[in-house]
Amino acid sequence: MASAKVGLKPGERVDDLIINNLKLIQHPEEFCFSLDAVLLAHFASMRQNGVAADLGAGTGVIGLLLLARGAAAVTGIELNPDMADMASRSAKLNGLEDRLLILNSDLRLIHDLLPGGNFELVVSNPPYRPVGGGYINPNDRVAMARHELTASLTDIVAAARHLVKYRGRFAMVHLPERLAEIMLTMCQAGIEPKRLQFVYPRVDKKPNMVLIEGVRGAKPGLDVLPPLLVYTTDGNYSEDIMKLYEQDR
C-alpha cells in the first residue's frame with residue numbers, strides 16, 4: 001500500500017480529498033482540515049504554473065489543492081513539527097514531494113527563512129480568534145491553530161507582504177466579524193483588498209466565513225463577489241460546493 005511507503009505513525013489515518021485522487025495524512029489529536037481550507041484553495045487566484053506559499057500550512061491540504069489547480073510549486077511554513085512532518089509525508093504519499101515543500105519554522109521569522117518577493121501567490125488559513133476571544137482548546141496544538149497564540153493577524157499579513165512579489169496576490173479565509181481589522185491590516189502593509197466573498201452556511205443564516213484577496217501595490221477598488229452558500233435547505237452541499245470537487249476530478 002502507498003501509505004506503508006510513507007510510514008504512518010500510531011493513530012494517523014489517510015483521508016481521501018476526492019479531488020484528483022489526492023490523499024492526506026491526518027491525526028485526530030491534531031488540527032484536522034475543514035471546508036474553509038478547500039474554499040480558500042479554490043478562491044485564490046492561482047495562475048497556471050505559478051509559485052505559491054502557504055502560511056501556517058497545517059496538514060498541507062491547501063498546498064495539495066493548489067497543485068491540483070495547476071501551481072508549479074508550493075512552499076508551506078508550519079510551526080507544529082508533527083503537523084509539518086505529516087504534511088511532508090502527505091506530499092510524498094501523492095508523489096509531489098518535489099513540488100510541495102514544507103518548512104517547519106515560525107512565520108514570524110520569515111525574513112530569515114525565505115527571500116522576499118519571490119511568490120506570485122501567498123495564502124493563509126490562519127487562527128481565527130485573538131487570545132481572550134472565546135474558548136481555548138485544552139489541546140495546545142489545536143488551540144494554536146484556532147487562536148493567535150503564536151502568530152497574530154498582523155504577523156501573518158507582514159509575512160505575506162515579505163513573500164509576495166509586487167503585483168502578486170495574498171488570499172486568506174477568516175471571520176466576517178474581523179473584516180474591518182483584516183482590511184485595515186492589509187492596507188497598512190501595502191496589500192490592497194481587491195476581491196471579497198462571504199460564505200453562508202445556509203440561506204437563512206449569517207455568513208460565518210469571509211474570503212479575501214489583496215494585491216501588493218494595487219490601487220483601491222474592491223470587487224465583492226456573489227455570496228457562496230454551503231448547504232441547501234435539505235442539508236446537502238450546494239451546487240457551488242459540489243462544483244469545487246467536480247472541476248478537479
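Visitor: What should I know before I start?

Guide: The model is predicted, so local features need pLDDT of at least 70 and side-chain atom pairs count only at pLDDT 80 or more, while totals for chains, interfaces and linings use all residues. Residues are numbered from 1 along each chain as its sequence is written, and side-chain values use heavy atoms, with hydrogens and water left out.

Visitor: How many helices and strands does the chain have?

Guide: Helices (H or I, at least four residues) and strands (E, at least two) are DSSP runs, numbered from the N terminus. Here that gives nine helices and 11 strands.

Visitor: What share of the chain is buried?

Guide: Buried means under 20% relative accessible area, exposed over 50%, and partly exposed in between, with a 1.4 Å probe and protein chains only. Of the 249 residues, 51% are buried. Helix α3 (residues 61-68) is mostly covered, with seven of its eight residues buried: V61, I62, G63, L64, L65, L66 and L67. After α3 comes G70, with a positive phi near 120°.

Visitor: How do I read the length of a helix, say α4?

Guide: The expected span is 1.5 Å times one less than the number of residues. Helix α4 (residues 81-93) has 13 residues and spans 18 Å from first C-alpha to last, close to the 18 Å expected.

Visitor: And which residues of α4 are buried?

Guide: An α-helix has 3.6 residues a turn, so residues three or four places apart point the same way. In α4 the buried set is M83, A84, M86, A87, R89, S90, A91 and L93. Look at both ends too: at the start of α4, a side-chain oxygen of N80 comes within 2.9 Å of the backbone nitrogen of D82, and just after α4, G95 has a positive phi of about 70°.

Visitor: How do α7 and α8 cross?

Guide: Axes are lines fitted to C-alpha atoms, for helices over the stretch in contact, and angles run from 0 to 180 degrees between N-to-C directions. The axes of α7 (residues 153-163) and α8 (residues 179-188) come within 10 Å and cross at roughly 40°.

Visitor: Which residues meet there?

Guide: Contact means heavy atoms within 4.5 Å. From α7, L153, T154 and V157 meet E181, I182, T185 and M186 of α8.

Visitor: Is E213 buried or exposed?

Guide: E213 sits in strand β9 (residues 209-216), and it counts as buried because its relative accessible area is 0%. A polar contact is a pair of N or O atoms within 3.5 Å; within protein, one must be able to donate a hydrogen and the other to accept it, and residues adjacent in sequence count only if both atoms are side-chain atoms.

Visitor: What about residues in loops?

Guide: Take S105, in the loop between β5 (100-104) and α5. S105 counts as buried because its relative accessibility is 17%. Beyond its neighbours within four places in sequence, S105 is in contact with I77, E78, L79 and L113. N118 lies in the loop between α5 (110-113) and β6 (119-124), and N118 is partly exposed because its relative accessible area is 48%. The C-alpha atoms of N118 and K165 are 5.6 Å apart, with the two residues 47 apart along the chain.
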